[in-house]
Each structure stands twice: as structure tokens, then as C-alpha cells.
Amino acid sequence: MAATMKLAPTIQWVSGGADLRRSSVRTPVRRSVSVAPIRASAYSDELVQTAKSIASPGRGILAIDESNATCGKRLASIGLDNTEPNRQAYRQLLLTTPGLGEFISGAILFEETLYQSTTDGKKFVDCLRDQKIMPGIKVDKGLVPLPGSNNESWCQGLDGLASRCAEYYKQGARFAKWRTVVSVPCGPSALAVKEAAWGLARYAAIAQDNGLVPIVEPEILLDGDHPIERTFEVAQKVWAEVFFYLSQNNVLLEGTLLKPSMVTPGADHKTKASPDTIAKFTLKMLKRTVPPAVPGIMFLSGGQSEMEATLNLNAMNQLPNPWHVSFSYARALQNSVLKTWQGRPENIQAAQKALLVRAKANSLAQLGRYTGEGESDEAKAGMFQKGYTY
């Protein structure tokens, strides 16, 4: 067995001026030795491979991790009651769409969905695996008021997170998502930014220790009438803080994915930005704050119309950048699907085709090949909701 080598503190002898030079006494100055912590997760190789698989060319993430309450709002929009069978039927429609794996590399699920099966008894996790789609799981417990802030929020859910992540891994999940938000009209306060960044970093470290690739998501809300320059300023500050605390928590960046907002003007701003402008501001912000070691940038749509979200993603992929720049969309992939389905069994195939249309459009945008030709009026309709929660 190799002997263990102990590092002793360095001792430097210094003289203290004329008086000391006349004396035979010398004063020892001890300098402490700083040993950087080494993160040796048993899952490191798997985390890197999972992240690479999700960040594969022409593919992105389908986010269907809405809480039961929010899913109920979606169902209510087409006249359906918020019951478990109805939620199961809708998510079965999405997760069993033939050919979905060509354009989708990961699916973020709500806890209920992770443990559900199809009406024929096949686990949803297995439906995804059959199409080489990674199952993921939302692990945060939602937003609550942040005391001492400017009417801002913080995200709860760290208590018990390690044991929950371990159980989700056993169930088949291989990545996780934690969403917190930052409001531009609220300042944002230094307290809210620090709380968001620290919470995301702790979550990311805990998720990796339990085999799950963490998606890090500090959403800069669209609410407000501020210009795009202000959004850029806030986003840059937030992401710099996030990466400071990711480093403090020894998070493996190669086994991490990001889910940022695009840098856009506030939803109520008088001037609308073009896709080219949004792409330039967004990539400029990311290049200043995000190391190229991160394999994937999976953008959220944040209330943009289906077509806007796709056009903006396409514009970013027509500019040079060091990452896999892709999508992790919820409403921007599901809106047309819901309206096509209407809760009717005879509309399932048409609704699945609508999902494939949107997934393929975003796949082309990830490759920088989307043109926007032939898009429906529904795809152009905005979906912004002030103060949106889910």
C-alpha cells in the first residue's frame, strides 16, 4: 500500500528590521497550504455522456413538466377537467408520438408522469427510451416570496432533494431541472440574484451526486417595458453570479446543461427586436459568462409565439458560438398540439403530427436551416402571460 504523504505548512523566516537584525531571535511566519477540493462523483463519466446525448445535432428538449395545477389550466383551455386520467391521456399523446426521437433528445417530466404508464401498461420512461429520448424530471418545489426583497421570489426544494434525486434515478430519470426566476422591473435586488444563483448551484451539485445531469435555469422574466439593453445587463449579472457559485460548489460543467432566457426587450416595450438583434445580444451575453465546457444551451421560450421562438433560435445558430445551441420548449411545442387534439380520441394522430411539425421546425432551427415558410397563424400567435407561473 502506498504511503500517504502529508503536506506540511510552509515556514518562512523573516527579519523584522534593524532591531531584529541586532537580535538573534527570528520570527517564523506560517503560510497555510490551500488544497483544492477534488470532485470525484461516481457518476462523472455517465453525466458527461448523458449531457452529450441530449446536446446532439438537430435535437432538443420537450418540456412537459407542468405541475398538475398548470396542466389543469392547459386542459381547461380545451374544455377538459383536471383529472389524472386526462393528464395521463394528454401526456401519452405526446410521449408516444411516432418518430419524435428524430427531433427530441430529452423530455422533462413532472413527478406524476415519471411514475405513470400508458393505458396499455407500458411505462412512459420506456416509451422514451425506445426512441432514444432521455427521461428527465422537474425537481424544484416552486416559487415562494423572498423576505427582505423587492417583492421577489425564491425557489424552494433543497430539503430532501438528494433522496428524491436518488429515487428518480432508480425510476429511470437521467437529468433534472430546477427553475428559478429573476424580475427586471423588481430591480432585481442583489439578494434575489444571489439567492437564485446559490440555490441553482446547490441543486446542481446534489443532482450530479445522484447521477442526474442538472439543467440550470434562472429565467429572466419577460415582464416589463424595459429595452433589450436592460435585459442584457441583468442577464449578464445573473449568469456571472450563477457560474461563480457553480464553481464554489464544484459542479462538473461538462455534465451540466443550461436553460437560459433569450435576451429580448420587455414584453411591454414599444419597440420589438428582430431575430438577428436578439441573437446578437443573447450570444454576446453568453460568451461573456458561460465557459465553453458547458455542452448544451437549451433555451426556454418564455411566452414567445411558437414561430418567434423558432426564428430566434435559428438566428443564433447562424452565428458562430462554441456550444450546442438548442431548445427546451413547453408552450412553444405544445400550443398547436392542444388545440388540434381538443381531448378527442379521433384527433390524436392529427395532434401528434402537429407536435412533429413544431419539433421538426426547431430541429431545423438548431441546425440554422429554418425558413419560417408555411407557418400557420396559430404558430404566430403570442403566448405571453404577465406574472406567469407553472
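The exercises below, each with a worked solution, concern a predicted model.

**Exercise 1.** Describe how the axes of helices α3 and α4 are placed relative to each other, and state which residues make the contact.

Solution. Two packed helices are described by the angle between their axes and the distance between the axes. Helix α3 covers residues 68–76 and helix α4 residues 84–95; their axes come within 11 Å and cross at roughly 75°. Angles of 65 to 115 degrees count as roughly perpendicular, and α3 and α4 are therefore roughly perpendicular to each other. On the α3 side the contact is made by Asn68, Cys71 and Leu75, and on the α4 side by Asn86, Arg87, Tyr90 and Arg91. These residues divide into 3 nonpolar, 2 polar and 2 charged.

**Exercise 2.** Give the strand order of the closed barrel, then examine the pairing of β3 with β4.

Solution. The barrel has 8 strands in the order β3-β4-β5-β8-β9-β10-β11-β12, and the pairing is parallel. Strand β3 (residues 60–64) is joined to strand β4 (residues 104–109) by 5 bridges, and the two run parallel. Within this pair, leucine 62 stands opposite alanine 107 of β4. Elsewhere, helix α11 (residues 306–316) lies across β11 and β12, at about 170° to β12.

**Exercise 3.** Find the buried residues of helix α7 and determine where around the axis they lie.

Solution. In α7 (residues 161–171), the buried residues are Leu161, Arg164, Cys165, Tyr168 and Tyr169. They cover an arc of only 140° around the axis, so they lie on the same side of α7. Their packing partners are α2, α5, β5, β8 and α8. After α7 comes glycine 172, with a positive phi near 120°.

Conventions:
Residues are numbered from 1 along each chain as its sequence is written. This is a predicted model: local features need pLDDT of at least 70, side-chain atom pairs count only at pLDDT 80 or more; totals for chains, interfaces and linings use all residues. Side-chain values use heavy atoms; hydrogens and water are left out. Axes are lines fitted to C-alpha atoms, for helices over the stretch in contact, and angles run from 0 to 180 degrees between N-to-C directions. Helices (H or I, at least four residues) and strands (E, at least two) are DSSP runs, numbered from the N terminus. Angles under 35 degrees count as roughly parallel, over 145 as roughly antiparallel, 65 to 115 as roughly perpendicular and the rest as oblique. Contact means heavy atoms within 4.5 Å. Ala, Val, Leu, Ile, Met, Phe, Trp, Tyr, Cys and Pro count as nonpolar, Asp, Glu, Lys and Arg as charged, and the others, Gly among them, as polar. Two strands pair if DSSP finds at least two bridges between them. Buried means under 20% relative accessible area, exposed over 50%, partly exposed in between (1.4 Å probe, protein chains only). The arc is that of the directions from the helix axis to the C-beta atoms.
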